Amino acid sequence: MSATVHTFRAADSTSALAAVKAALGPDAILISTRSVQGGLFRRAEIEVTAASGSAMEEPAAPRAQRSSSGEGQGEDRPPAGSERGARAYSQGARSPLERGRPDDDQLASEVKLLRRSVEETRRALATVTSEARGGRDLQIPPAAAEVHAGLIGRGVEPVLAEELVRQAMQLSASLLPSSLTSTVRDLVGERLVPCRAPWLHGGRHVIALIGPTGVGKTTTLAKIAARALLEAKKRVALLTIDTYRIGACDQLARYGEIMGVPVLVARDRTELLRAYERVKDADLVLVDTAGRSLAEDVVRQADLVRALPRVQLHLVVSAATGALELAAIGERYRALQPDRLLFSKLDEAAGPGAVLSVAVRIGRPVSCVTDGQRVPEDLHALTGSELTDLVLPEQPASKRG
Ligand SMILES: Nc1nc2c(ncn2[C@@H]2O[C@H](COP(=O)(O)OP(=O)(O)OP(=O)(O)O)[C@@H](O)[C@H]2O)c(=O)[nH]1
Ligand SMILES: [Mg+2]
């Protein structure tokens, strides 16, 4: 017996076995099969090692002869990779037993065993391949896996973390952790863009804070007002359309009283425009809205504040909210086309990288962040690098490779 050993690789077991059969014939002997790890984020391949079974066969009949025996016009091989074709081929192929060597019982049973083994291997490989297709065996180099884990650890939405690492692997000068981290940081920086702090704006400025319930809109509004008064020496006025919640107006009125700035309440568009007229001398007009869970209430309030000339809508979201919730908030508020983003409660955020979920969906600059209840201390305008730190801090020098 002088069988030659060959190796075949294909995307799945069916294709690999079809290639084996196409090259070595129906009686090829399967020696081994294994799943070959792919490259970066590439799917695994199936590698089959097989030997020609020619030493066990009778000499092959000439083609013309086969054709005349009615076995498919001389074209008895299926197209490679065809599941149906492969099965038809394996059924149509005649084993040494079928071709009639009744005297050699041992050989016949060995062939049977081999056939069964091929079939079992084929089924096992099909399972492995379908699991691989499900994405459970994505292969990434260790440095990329480390950066990916870092992003997940910072609370970044898994799908965004994977997208960032994937892009970084294509763009990065090398696959060293430091290079990948730096590229991911650049990509994050493109998505978290800072802008001038609201209290530092020149000229007349009108800002309305919108956002989910309890994220800190009223408190943040008071912080901005205080900073504008104290640091920028601006004239400030506060308006509110939050007439839903008992005590909401009182909360703002109390802040106004402490700071000595006017606070006006408006229930509808007419009242709002009238209030706006009354504070026309103010450099900075800050409008508070009610946190509402019903989508139609949110839209109604946004429509109302949009009645104010050149108003900027700042969407306030709590960084202490999970990535999936922030993704949903981003989807919900995108239609309102907020002009700026404002991240609150960074002090309570175990995974501040979750803010990326809302940033990619809204696609607007970040005006400022808050990290505590103190008015006005816990309000900050972050640089681009500081915003990026929320998602992926720079590698410590000791770990740079
Ligand atoms: N830890 C922490 N708490 C904050 C921060 N900002 C606001 N808060 C607290 O969050 C709670 C809700 O703040 P509000 O300003 O009333 O929130 P809101 O968004 O106006 O709430 P609604 O008007 O009811 O939607 C209060 O207890 C605030 O003191 C922050 O940055 N960090
Ligand atoms: Mg409020």
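# Group meeting talk: a walk through the chain

Buried residues make up 46% of the 401 residues in the chain. Before I go on, note that this is a predicted model. The secondary structure comes to 14 helices and 11 strands. As for contacts, take those in the chain with a separation of 6 or more: residues 24 or more positions apart account for 75% of them.

I will start with helix H7, residues 177-191. How far apart should the ends of this helix be? At 1.5 Å a residue, its 15 residues should span 21 Å, and the end C-alpha atoms are 21 Å apart, which agrees.

Now the buried side of the story. Buried residues in H7 are Pro177, Ser179, Leu180, Thr181, Thr183, Val184, Arg185, Leu187 and Val188. What do they pack against? Their partners are helix H5 (142-153), helix H6 (158-171), H13 and helix H14 (384-391).

One residue of H7 to look at is Ser179. Its relative accessible area is 16%, and the cut-off for buried is under 20%, so Ser179 counts as buried. Leaving aside neighbours within four places in sequence, Ser179 is in contact with Ser172, Ala173 and Ser174.

Next, two helix pairs. Helix H8 covers residues 217-230 and helix H9 covers residues 248-259; their axes come within 10 Å and cross at roughly 15°. Angles under 35 degrees count as roughly parallel, and H8 and H9 are therefore roughly parallel to each other. Their crossing is right-handed. From H8, the contact is made by Thr218, Thr219, Leu221, Ala222, Ala225, Ala226 and Leu229, and from H9 by Gln251, Leu252, Tyr255 and Met259. By type, the residues of this contact divide into 8 nonpolar, 3 polar and no charged.

The other pair is H12 and H13. Helix H12 (residues 323-334) and helix H13 (residues 355-362) pack at an angle of about 20°, and their axes are 7 Å apart. H12 and H13 are therefore roughly parallel to each other. The crossing of H12 and H13 is right-handed. Which residues meet here? On the H12 side they are Ala323, Leu326, Ala327, Gly330, Glu331, Tyr333 and Arg334, and on the H13 side Val355, Ser357, Val358, Arg361 and Ile362. The residues of the contact of H12 with H13 divide into 7 nonpolar, 2 polar and 3 charged.

Arg340 is found in strand E9, residues 340-344. Is Arg340 buried or exposed? At 16% relative accessibility, Arg340 counts as buried.

Another arginine to mention is Arg235. Arg235 lies in the loop between H8 and strand E5 (236-240). With a relative accessible area of 52%, Arg235 is exposed, the cut-off for that being over 50%. Where does the chain come back to Arg235? Arg235 touches Asp281, Ala282, Asp283 and Leu284, not counting residues up to four places away in sequence. Arg235 and Leu284 are 49 residues apart in sequence, and their C-alpha atoms are 6.3 Å apart in space.

In the loop between helix H11 (295-305) and strand E8 (311-318) lies Arg310. Phi of Arg310 is near 50°, a positive value in a residue other than glycine. Arg310 is exposed, with a relative accessible area of 72%.

In the loop between H12 and E9 lies Gln337. Gln337 is not a glycine, yet its phi is positive, at about 50°. At 59% relative accessibility, Gln337 counts as exposed.

The last item is Pro376, placed in the loop between strand E10 (366-370) and strand E11 (379-380). What is the form of the peptide bond from Val375 to Pro376? That bond is cis, with omega near 0°.

Notes:
Residues numbered from 1 in each chain as written. Chains lettered and ligands numbered in written order. Predicted model: local features only at pLDDT ≥ 70, side-chain atom pairs only at ≥ 80, totals over all residues. Heavy atoms only, no water. Axes fitted to C-alpha atoms, helices over the stretch in contact; angles between N-to-C directions. Helix = DSSP H or I, 4+ residues; strand = E, 2+ residues; numbered from the N terminus. Parallel < 35°, antiparallel > 145°, perpendicular 65-115°, else oblique. Left-handed = near helix turned anticlockwise from the far one by under 90°. Contact = heavy atoms within 4.5 Å. Nonpolar A, V, L, I, M, F, W, Y, C, P; charged D, E, K, R; others polar. Expected span 1.5 Å × (residues − 1). Buried < 20%, exposed > 50% of the residue type's maximum accessible area, 1.4 Å probe, protein only.
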